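Good morning, and thank you for making time for this.

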Amino acid sequence: MLTVKLSVFGQVNFIVFVDLCSFIMEESELKQIYGRNIKRLREERKMTQDALSEKIGLNEKYLSTIETGAKWGSFDTLISLANALNVEPYELLLPNGKEVSIDSRKTKELMVRFRTNLNELVDTVEEFLKG
């Protein structure tokens, strides 16, 4: 299980639990997945390495080392890449073919609890403002 924070416009909205794989992944394998995802998304958007590296303020050769799985880059690099590729940061780390299932039972249960808690919070604020 991996805890993933989903966000919209940079604000963390809620946390979902994602079952990425049934085995422990080596760091080198995760680097490869990360690099392949960046390259795949860049190519889907018809961007060159030069265009993407310029967009995020990164050296093109360094971007190449990330895409080949040789380097990670910083956390800021991950965020910049995700923003430039118009995806959430966690999507860059998902193995090929894996997606966050919004129809999963656990996610539905989480959303019910989230909705209930939000409704209770709204009720409490309304009572406070009245009183």
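Let me begin at Lys-46, which comes after helix α1 and has a positive phi, near 55°. Please note that this is a predicted model.

Now to the helix itself. Helix α1 consists of 18 residues and spans 26 Å from its first C-alpha to its last, close to the 26 Å expected at 1.5 Å a residue. Its buried residues are Lys-31, Ile-33, Tyr-34, Gly-35, Asn-37, Ile-38, Leu-41 and Arg-42. Against which elements do the buried residues of α1 pack? They pack against α2, α3 and α4.

I turn next to the charged side chains. There are three salt bridges in the structure. In one of them, the side chains of Glu-44 and Arg-40 meet at 3.2 Å, N to O. Both residues belong to helix α1 and sit four residues apart, about one turn of the helix. In general, an α-helix has 3.6 residues a turn, so residues three or four places apart point the same way. Glu-44 is partly exposed because its relative accessibility is 49%, between the limits of 20% and 50%. Arg-40 is likewise partly exposed, at a relative accessible area of 33%.

Arg-45 also forms a salt bridge with Glu-44, with the closest N and O atoms 3.7 Å apart. Arg-45 is partly exposed, its relative accessible area being 34%. Through shared partners, the salt bridges join Arg-40, Glu-44 and Arg-45 into one network.

Arg-42 has a salt bridge with Glu-67, where the closest N and O atoms are 2.6 Å apart. This pair links distant parts of the chain, since Arg-42 lies in helix α1 and Glu-67 in helix α3, 25 residues apart. Are these two residues buried or exposed? Both Arg-42 and Glu-67 are buried.

The aromatic residues come next. The structure has one aromatic pair. Tyr-34 and Trp-72 form this pair, which is tilted, with 5.5 Å centre to centre and 40° between the planes. Tyr-34 lies in helix α1 and Trp-72 in the loop between α3 and α4, so the pair ties together parts that are 38 residues apart in sequence. Tyr-34 is buried, with a relative accessible area of 0%, whereas Trp-72 is partly exposed, at 27%.

Tyr-62 also deserves a word. Tyr-62 is located in helix α3, residues 60-67, and is partly exposed, at a relative accessible area of 30%. Tyr-62 and Trp-72 are 10 residues apart in sequence and 9.7 Å apart in space, C-alpha to C-alpha. Leaving aside residues up to four places away in sequence, Tyr-62 touches Lys-71 and Gly-73.

Let me now step back to the whole protein. The secondary structure comprises five helices and two strands, in the order β-β-α-α-α-α-α from the N terminus. Of the 131 residues, 28% are buried. Among contacts between residues at least 6 apart in sequence, 53% join residues at least 24 apart. The accessible surface is about 9,400 Å², with 54% of it belonging to carbon and sulfur atoms.

I close with confidence. The average pLDDT is 78, and 72% of the residues score at least 70.

Key. Residues numbered from 1 in each chain as written. Predicted model: local features only at pLDDT ≥ 70, side-chain atom pairs only at ≥ 80, totals over all residues. Heavy atoms only, no water. Buried < 20%, exposed > 50% of the residue type's maximum accessible area, 1.4 Å probe, protein only. Contact = heavy atoms within 4.5 Å. Phe/Tyr/Trp six-rings, centres within 6.5 Å; stacked < 30°, edge-to-face > 60°. Areas by Shrake-Rupley, 256 points an atom, 1.4 Å probe, with all protein chains shown as cover. pLDDT = per-residue confidence, 0-100. Expected span 1.5 Å × (residues − 1). Salt bridge = Lys/Arg side-chain N within 4 Å of Asp/Glu carboxyl O.
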